[in-house]
Amino acid sequence: MALTGRRLEVDRIATLAALPRESAMVVVGDPGSGRSSVLGAVADRVALPVVRVGGNGSESRWPLAGVTSLFTALDDPRASAHIALLLQANAAATADTTAPGAPQTASGTAGSGLAAAHDFLEAVQTLTLPPTLVLVDDLDLMDAESQELIAFLAGRLAGTALRLVVTVRSVPATSPLAALPTLRLEPLGADDALAAARTMAPSDANDGVLTVLAEETGGNPGALREQLDVLGRDQLTGTEPVVLPLRPTATAEAITARRIDDGLLGTDAGRDLDVLARLALVPVARTAGWDRDALDELADAGLVTVRGQTVTVRDPLVRSVLYWRMPARARRAAHAELAAASATADPRAAAWHRSFVDDVPDVVALLDAAAGYVSDGAPQAAVALAERALHVGSGSELERSALLRVVELLLGNRLLGLAARYLAAIGPFRHTEDEVRRLRLLYSVQYLRGETVHADELLVPVGPDAAEAGAVAGLLAMVASFRAETWDLDQARDLLARVDALDVPLSPHTVEIVRAVGCFVAALDGTLPPDTELYDGLATAELLALSDPGLLLVAHALSTAERYRSARRVFALVLARSMETRAVWTEVARYLTAENELRSGNYRQALRAIDAWEDGAGAGPRQPAPSRAIAVAWRHFAEGRSQDALEVIDRCLALRTTNLLWATTARLHALRGRILLLDGRAEEAVVALEAADAIARPLRNPTVLRHLGDLVEANVRLGRTDDARAVTARLAADHHARPSRWGALVLARSLALVADDATRDTARRRALELFQPHDSPYERARTFAALAAIASAAERPRLGAAAAAAYEAAGLRRPLVTPAPTAAMPASGALSAFRSGPVASAQDAGAPRSAPDASTVLTSLTAEERAVVQKVTEGFRNREIASSLFMSQRTVELRLTQIYRKVGARSRSHLVALLT
């Protein structure tokens, strides 16, 4: 099973193993944080020989048991002799200090310990070892003598050929390990914890329940696995509520003991612990009525979080232990006391406490309090109350209506997994208005999660009642927009026609959505009217009157119709009023903004937009897997990490839910084919592009998927001229039926690639002359590169240089050289050759004659400079290089300046070109 959420930590340790000098690192993490798993991932990754030993608590009473394990693991025949000598020396020292009449002074004990440490160091230095990575897991579980000797060794590794990494739960300030570089394993973030839960849980586990478990285990992988083992199948699948706080496991008990022992050391520790135990009875409480001195001390100890006028136990694992440690009778009495005390000052907490005291709990009040917590940005507290409501409620329509309000707020705050979890608990309503609310939320959540929206309920004819028909009309319009987004244009038109056929007054919002969906369908079909005919010429006043979903549909239509400037402006209107916009629509706007920049061919701006989208998402859930996969894969590709991009796409294609979305599946296959093509893997590219073509064949607008130009180029590279000409003919027919600027540029390039001898020069000249300054810089680069691949030897350097300049102008961070005769762009395999074998000479076919030999360039650099260069060729930024190589950003900048001077590079891209 792949290690989730620890890539950066594994990278840092693996980098230490690759350093040219001996070094040591201490990895610190709580029980269950995954220290052993991280070491296992490092052992599988590094090229050095790896020696791995682990602490064994049952052997901690045996002196030098840990050191004995270390020497036994080292591959040197003299290690056994050193073990015997060390044990004899330790026995003699012990006998001297315990003999009757022997002085028991601290200096004498310290002197013998120092002598033993030097003996140990000398023993390690005399071993004949190759550069070796030593991984010591759970050093703090070893015997005290071994801990001291290994810590002493860690600070004096010179001459040993060892790179030493040890893991511990904590590092006391007086320990020798405190002077070493420390890597702390923090709790997993929300995204990574949820991803880990998905990999550990059964395939039928409810995603919302997994979200709850990921939050309630505080990002601790060990505690998460224990909870998944403890919960019943009905709870994991969401048919039964989850009891919160979770019942504590061994990991939670160990963490709580450490937290409380480390935090509550003052004279008022008893009082503080009592306050902490009472705080554990409620998900979040208002500070009014609580002992403020105790709260301040608990906050200073890191045990509670005080935010504004509210306080909560910081670690959910600590809260679960304290909650369930209290006897049931005492817990109920405390709930009753706190319910009375908070009735006026904190009615939400009072509703929670009363649900444990009243014979018939007020479930509606409990759910109203949950809705209030979501509005206030405390969804974890809302989840606790909602699960409690499901546990004690009767399932009446009144209760389900209150739960529906919670779902609306969860959706608005882009908590899609939780919204889906509680929608599954809400059955159909008898009243049409409530049922339409439920279906609207159900379809919205399904769509935003990247799931298929079947909307079978809409197959039933609408009754004559005007109020019912008006409500259903809004639902029909919304589902029509979802159908359009998945390129199911016939069904989208059919749903819009059903709305028009309803002879009832429609709400302004429904009218707005119907019009916006009509624009989007027209854009997909290549028939969107000019901007002057849309919303009074896209007047700002007209646009601002639209709702966020309406604005997003209009902007997406403009982007699909290649009106990137207009789309950029409309997206900006949504983001500009973000204070009034629900978080879910803000995130969609950021994602579609990034997609708009990608379609425009401006990768530099697209990467900024993707960064803004990822940063804006924060720690909360993000776009569903397919949408996020496409954006992340584009970023990897643009930054030169093609293999990472392909892995992201393949993982997404492997999801069963993705295969149900034919439009998304087609886009993923098309992107996969493009990446493979530009990496020189034309045969694989054709397979992926033909898969995309087969899926998207009903869509006749070639500018939507944009795969036909790539399919032409891939067939040309493989020498399949007839196939390339057949695809070009299709592209020409589709373009003439639905003309677009992208279609004109790519059709001209395709015609140049398949032209015969008589028309080749004219076709190539036209393909280049067709470009205008406002056209896509990426497509310009593609055209230069494709023509360079089939050009004569005399023309190839000039066209290749133009392609490289155009790629750089587009912001594509890839290692570029003049294309070889069989490839329009060099494969990323050039980088793997640089890392693992001889670097190809710049005198190879297609490279400029003046380029220096790459091997000469490398030998002129120091080991540290070569490490920096490798990161540069992999697309790392200075900040990322500094983090991965344990340097400051200023040091990286100085090293790059020295590298430029040594190799004669003018810029970062020129440096990469010299080395590839």
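Contact is defined here as heavy atoms within 4.5 Å. The structure is a predicted model, in which local features need pLDDT of at least 70 and side-chain atom pairs count only at pLDDT 80 or more, whereas totals for chains, interfaces and linings use all residues. Residues are numbered from 1 along each chain as its sequence is written, and side-chain values use heavy atoms, with hydrogens and water left out.

Helices are DSSP runs (H or I, at least four residues), numbered from the N terminus. In helix α40 (residues 760-769), the buried residues are A763, R764 and A767 (buried, under 20% relative accessible area; exposed, over 50%; partly exposed, in between; 1.4 Å probe, protein chains only). These residues lie on the same side of α40 because they cover an arc of only 95° around the axis, the arc being that of the directions from the helix axis to the C-beta atoms. D761, R766 and E769 are exposed on the other side of α40. The packing partners of the buried residues of α40 are α39 (741-754) and α41 (777-789).

Eight aromatic pairs are present in the structure. Rings of Phe, Tyr and Trp (its six-membered ring) pair if their centres lie within 6.5 Å; planes under 30 degrees apart count as stacked, over 60 as edge-to-face and the rest as tilted. Y323 and W324 form an edge-to-face pair, at 5.1 Å centre to centre and with 75° between the planes; Y323 is buried, at 3% relative accessibility. The pair of Y447 and F482 is stacked, because the ring centres are 4.4 Å apart and the planes are at 10°. This pair links distant parts of the chain, with Y447 in helix α21 (residues 432-448) and F482 in helix α22 (residues 466-485), 35 residues apart. Y447 is partly exposed, with a relative accessible area of 25%, whereas F482 is buried at 8%. One aromatic cluster is formed by Y603, W634, F637 and Y778.

Charges also sit over rings (NZ of Lys or CZ of Arg within 6 Å of the ring centre and within 35 degrees of the ring normal). R348 lies over the face of Y373, at 5.4 Å from the ring centre, and R515 lies over the face of Y535, at 3.9 Å from the ring centre.

A cavity is a set of points on a 1 Å grid over the protein atoms alone where a 1.4 Å probe fits but cannot get out; lining residues have an atom within 4 Å of a point. Five cavities of 30 Å³ or more occur in the structure. The largest cavity holds about 80 Å³ of space, a volume being the space filled by probe spheres set on the points. Its lining includes D693, R697, R700, H707, R730 and D734, and α36 (702-705) and α38 (721-737) each supply at least two residues of the lining of the largest cavity.

Conventions
1 Å grid on protein atoms, 1.4 Å probe; cavity = no way out; pocket = protein on both sides within 12 Å on 5 of 7 lines; lining within 4 Å.
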